[in-house]
Amino acid sequence: MREVYRISFEECGTELMAAVKESSEIKRLWPRFNAAQKRREDMYGIIRYYDQNGYTRLAVDKVNSRYEVVSSYHHLENAAAALRQLVQDFNLCPRLCFIGEKIYDETTHAIICKGACDKKEATVDYNWRVESAINKLKSLPSFVIIDEGITRDQNSCILVWQGKFYGMGFIPLNTVVDEPEVVKSLVQPYKENSTITNMLFSYAKRYPTRIKTFNAII
């Protein structure tokens with residue numbers, strides 16, 4: 001208590017918004033006496049680049065500015081599992097995706113791969129399947145959680161965009177939320193973290209009537 005010199009507060013509208021705000025502030029301020037949620041989160045991604053033979057390569061690496069990141073994750077294993085699933089679903093070459101022989105032996109590799117690693121498959125054919133795999137990664141759910149606001153003439157609004165927490169705020173009571181870009185302009189963007197995103201997906205499952213899903217991915 002000797003370290004406290006001021007107490008402030010912010011109205012959040014709902015318990016969910018308060019929990020989101022708390023998690024965001026812990027990550028932002030890193031409070032000395034609060035041990036909850038205080039762990040660094042390295043971001044990992046599935047990256048894309050083209051090799052010297054023209055084949056599109058996918059790999060898992062830490063997120064940085066050197067490579068194009070097509071999908072990001074808070075845990076290394078989640079990124080690796082997602083890439084392995086793409087290899088299976090789209091018959092991508094495990095070797096071109098840097099997945100070792102411990103995962104796929106020669107027999108399994110021959111079943112999955114159509115010859116890209118030996119330059120037996122045309123780059124245009126292989127790269128088309130890679131693009132299809134990337135499009136699947138990007139088709140993650142986008143939705144808003146609409147609930148009570150602080151005053152009677154508004155609603156609270158939390159936006160999840162392509163599988164990740166985007167931001168939250170308050171919108172006029174009769175606002176139509178069919179257009180994602182309109183919602184984005186009305187909410188305050190926040191830095192996403194795994195605690196918040198998991199919290200929002202769990203809430204969406206419990207209270208489906210408060211969810212508005214966007215069908216179109218733009």
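**The segment before helix 1**

Cys12 is found in the segment before helix 1; helices (H or I, at least four residues) and strands (E, at least two) are DSSP runs, numbered from the N terminus. The model is a predicted one, in which local features need pLDDT of at least 70 and side-chain atom pairs count only at pLDDT 80 or more, while totals for chains, interfaces and linings use all residues. Residues are numbered from 1 along each chain as its sequence is written, and side-chain values use heavy atoms, with hydrogens and water left out.

**Exercise 1.** Determine whether Cys12 counts as buried or exposed, and list what Cys12 touches.

*Solution.* 
Step 1. Buried means under 20% relative accessible area, exposed over 50%, and partly exposed in between (1.4 Å probe, protein chains only).
Step 2. Cys12 has 17% relative accessibility and therefore counts as buried.
Step 3. Contact means heavy atoms within 4.5 Å. Leaving aside residues up to four places away in sequence, Cys12 touches Met17, Ala18, Lys21, Ile150 and Phe170.
Step 4. Cys12 and Gly149 are 137 residues apart in sequence, and their C-alpha atoms are 8.1 Å apart in space.

**Exercise 2.** Locate Thr14 and Lys21, and describe the surroundings of Thr14 and of Lys21.

*Solution.* 
Step 1. Thr14 belongs to the segment before helix 1, whereas Lys21 lies in helix 1.
Step 2. Thr14 counts as buried because its relative accessibility is 15%. Lys21 counts as buried because its relative accessibility is 15%.
Step 3. With residues up to four places away in sequence not counted, Thr14 touches Asp147, Glu148 and Ser156.
Step 4. Under that exclusion of residues up to four places away in sequence, Lys21 touches Glu10, Cys12, Met168 and Tyr190.

**Exercise 3.** Describe how helix 1 and helix 6 pack.

*Solution.* 
Step 1. Two packed helices are described by the angle between their axes and the distance between the axes. Axes are lines fitted to C-alpha atoms, for helices over the stretch in contact, and angles run from 0 to 180 degrees between N-to-C directions.
Step 2. Helix 1 (residues 15–29) and helix 6 (residues 194–206) pack at about 165 degrees, and their axes are 9 Å apart.
Step 3. Helix 1 is therefore roughly antiparallel to helix 6; angles under 35 degrees count as roughly parallel, over 145 as roughly antiparallel, 65 to 115 as roughly perpendicular and the rest as oblique.
Step 4. The crossing of helix 1 and helix 6 is right-handed. A crossing is left-handed if the near helix is turned anticlockwise from the far one by less than a right angle, and right-handed if clockwise.
Step 5. From helix 1, Leu16, Ala19, Val20, Ser23 and Ser24 meet Thr195, Ile196, Met199, Leu200 and Tyr203 in helix 6.
Step 6. The residues of this contact of helix 1 with helix 6 comprise seven nonpolar, three polar and no charged. Ala, Val, Leu, Ile, Met, Phe, Trp, Tyr, Cys and Pro count as nonpolar, Asp, Glu, Lys and Arg as charged, and the others, Gly among them, as polar.

**Exercise 4.** Carry out the analysis for helix 2 and helix 4.

*Solution.* 
Step 1. The angle between helix 2 and helix 4 (residues 123–138) is about 130 degrees, with the axes 10 Å apart.
Step 2. Helix 2 and helix 4 are therefore oblique to each other, and their crossing is right-handed.
Step 3. Leu86, Asp89 and Phe90 in helix 2 meet Arg129, Ser132, Ala133, Lys136 and Leu137 in helix 4.
Step 4. In this contact of helix 2 with helix 4, four residues are nonpolar, one is polar and three are charged.

**Exercise 5.** State how many aromatic pairs the whole structure holds, and describe the pair of Phe165 and Tyr190.

*Solution.* 
Step 1. Rings of Phe, Tyr and Trp (its six-membered ring) pair if their centres lie within 6.5 Å; planes under 30 degrees apart count as stacked, over 60 as edge-to-face and the rest as tilted.
Step 2. Six aromatic pairs are found in the whole structure.
Step 3. In one of them, Phe165 and Tyr190 are 5.9 Å apart, centre to centre, with 35 degrees between the planes, a tilted pair.
Step 4. Phe165 lies in strand 6 (residues 164–172) and Tyr190 in the loop between strand 7 (188–189) and helix 6, so the pair ties together parts 25 residues apart in sequence.
Step 5. Phe165 is buried at a relative accessible area of 3%, and Tyr190 counts as buried at 15% relative accessibility.
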